[in-house]
Amino acid sequence: MFEHIDAYPGDPILTLNEDFAKDPREDKVNLSIGIYFDDEGRLPVMRAVREAEAQMLAEPAAKPYLPMSGLAAYRDAVQSLVFGEASAARAEGRIATVQTLGGSGALKIGADFIKRYFPGSHVWVSDPTWDNHRFIFERAGLTVGTYPYYDDETGGLRFDAMLAAIRDLPAKSVVLLHACCHNPTGVDLNDAQWAELIGVMKARDLLPFIDMAYQGFGAGLDADAFAIRELVRQNVPGFVANSFSKNFSLYGERCGALSVICESAETAARVLGQLTGAVRSNYSNPPTHGAKIVARVLTTPALREAWQDELASMCKRIERMRVAIHARLRGNVPDAMLARYLEQRGMFTYTGLSAEQVDALRERHGVYLIRSGRMCVAALNGRNVETAAEAIGDVLSRAFA
């Protein structure tokens with residue numbers, strides 16, 4: 001019956017993480033998977049999360065199914081954080097939001113919705129993008145193409161080429177964009193570029209789909225949501241996927257949401273109904289625990305302040321690690337490759353290392369990056385940054401010898 005089924009090749013990032021766990025070397029360094037670790041190399045439990053969970057456990061209650069759309073307090077808190085408390089679209093009821101299984105679940109629900117209601121539309125993603133973007137949309141039955149984004153020579157953005165390509169897309173094309181801290185490159189648009197791009201998408205009748213997995217890890221909670229709020233300002237309908245895995249360190253709780261900016265409250269009500277239908281056909285309804293933690297933190301002033309302060313300190317630690325590895329690589333890395341450690345932002349840096357050099361890092365030194373050359377800067381700390389820098393320097397010295 002199943003002999004025709006081929007073997008799944010595995011996810012390149014998760015498989016690499018499994019290989020790291022099996023590596024017996026004591027000085028190994030894992031800079032592959034996109035997880036924030038503290039300076040002791042531990043996955044942190046944020047203080048506000050710990051306090052919110054303690055309060056919840058002190059108030060035992062039944063655990064019924066949530067509505068298909070999710071926890072109401074959570075959905076409202078998501079809209080406030082993502083769109084801003086004073087958002088005009090929020091006040092007018094023009095945003096349809098459902099709780100999802102992390103950011104990936106938001107992408108999947110959005111993909112199913114697009115396949116049903118925009119079946120002729122293709123999806124366009126940046127070159128490069130997170131590998132799972134293509135996988136999710138293709139598995140939903142959509143055709144996926146790419147638009148120019150990253151400049152290999154400069155480590156920066158090919159904005160003119162990106163804008164030209166998007167300007168030529170057919171109407172109703174779906175354009176997937178990273179709100180901030182682009183994965184895998186760490187290269188973002190500035191506010192002026194966002195405003196220009198969104199104007200082009202409005203004029204061309206395109207559908208933006210913004211993925212925001214790292215709000216708060218770039219320029220700050222509000223600044224990182226600039227593109228989303230610019231969609232509202234320019235009155236452009238679109239999709240927004242967001243996740244609390246990173247900025248709440250709640251990876252395993254799978255807390256995400258999908259929001260759709262609509263033209264009217266009446267349209268938003270219909271869209272919300274169909275989004276809940278997509279949820280029902282996928283996993284029926286979302287889990288409770290993580291959503292209650294997020295909602296409690298975001299709606300309790302003291303907890304929210306504590307969360308924002310700790311998130312800001314996490315962001316500053318990443319910046320310190322960028323400075324630290326930049327300093328240790330100086331003299332061993334060409335200037336064009338070195339500058340990107342400081343100029344790119346967020347959890348990731350596109351190092352410019354080739355797949356063969358990444359293989360050499362892993363085999364000779366036990367330093368793990370994914371083969372695209374993406375480094376998770378958030379996994380560096382005071383103890384492993386020297387090891388990582390020495391390994392990169394050794395590999396590059398051999399390449400340029």
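Analyst: Happy to; we will take pockets, then cysteines, then one serine. This is a predicted model, so to speak of local features we ask for pLDDT of at least 70 and for side-chain atom pairs pLDDT 80 or more, while totals for chains, interfaces and linings use all residues. Residues are numbered from 1 along each chain as its sequence is written, and side-chain values use heavy atoms, with hydrogens and water left out.

User: How much space lies in the largest pocket, and which residues lie nearest its centre?

Analyst: Rolling a probe the size of a water molecule over the atoms shows where empty space is left. Here a pocket is an open set of points on a 1 Å grid over the protein atoms alone where a 1.4 Å probe fits, with protein on both sides within 12 Å along at least five of seven lines; lining residues have an atom within 4 Å of a point. The volume is the space filled by probe spheres set on the points. The largest pocket holds about 750 Å³. Its lining has 32 residues, and I13, S104, W130, N132 and K246 lie nearest the centre. Helix 1 (12-22), helix 5 (102-117), helix 6 (131-139) and strand 8 (207-212) each give two or more residues to this lining, with helix 6 giving the most, five. Helices (H or I, at least four residues) and strands (E, at least two) are DSSP runs numbered from the N terminus.

User: And which residues are closest to the centre of the second largest pocket?

Analyst: That pocket has a volume of about 410 Å³. Of its 22 lining residues, F118, L207, P237, I261 and E263 are the closest to the centre. Helix 11 gives the most to the lining, with four residues.

User: How many disulfides are there?

Analyst: A disulfide is a covalent bond between the sulfur atoms of two cysteines. The rule used is a pair of cysteine sulfur atoms within 2.5 Å, and the count comes to zero. For C376, the closest cysteine sulfur is in C181, 11 Å away, so it is too far for a bond. C376 is buried at 0% relative accessible area, where buried means under 20% with a 1.4 Å probe and protein chains only. C262 is also buried, at 4%.

User: Is S249 buried or exposed, and what does S249 touch?

Analyst: S249 sits in the loop between strand 9 and strand 10 and is buried, at 12% relative accessibility. Its side chain reaches the backbone oxygen of P44 at 2.7 Å. Setting aside residues up to four places away in sequence, S249 touches L43, P44, M46 and F244, where contact means heavy atoms within 4.5 Å.

Methods: Buried means under 20% relative accessible area, exposed over 50%, partly exposed in between (1.4 Å probe, protein chains only). A polar contact is a pair of N or O atoms within 3.5 Å; within protein, one must be able to donate a hydrogen and the other to accept it, and residues adjacent in sequence count only if both atoms are side-chain atoms.
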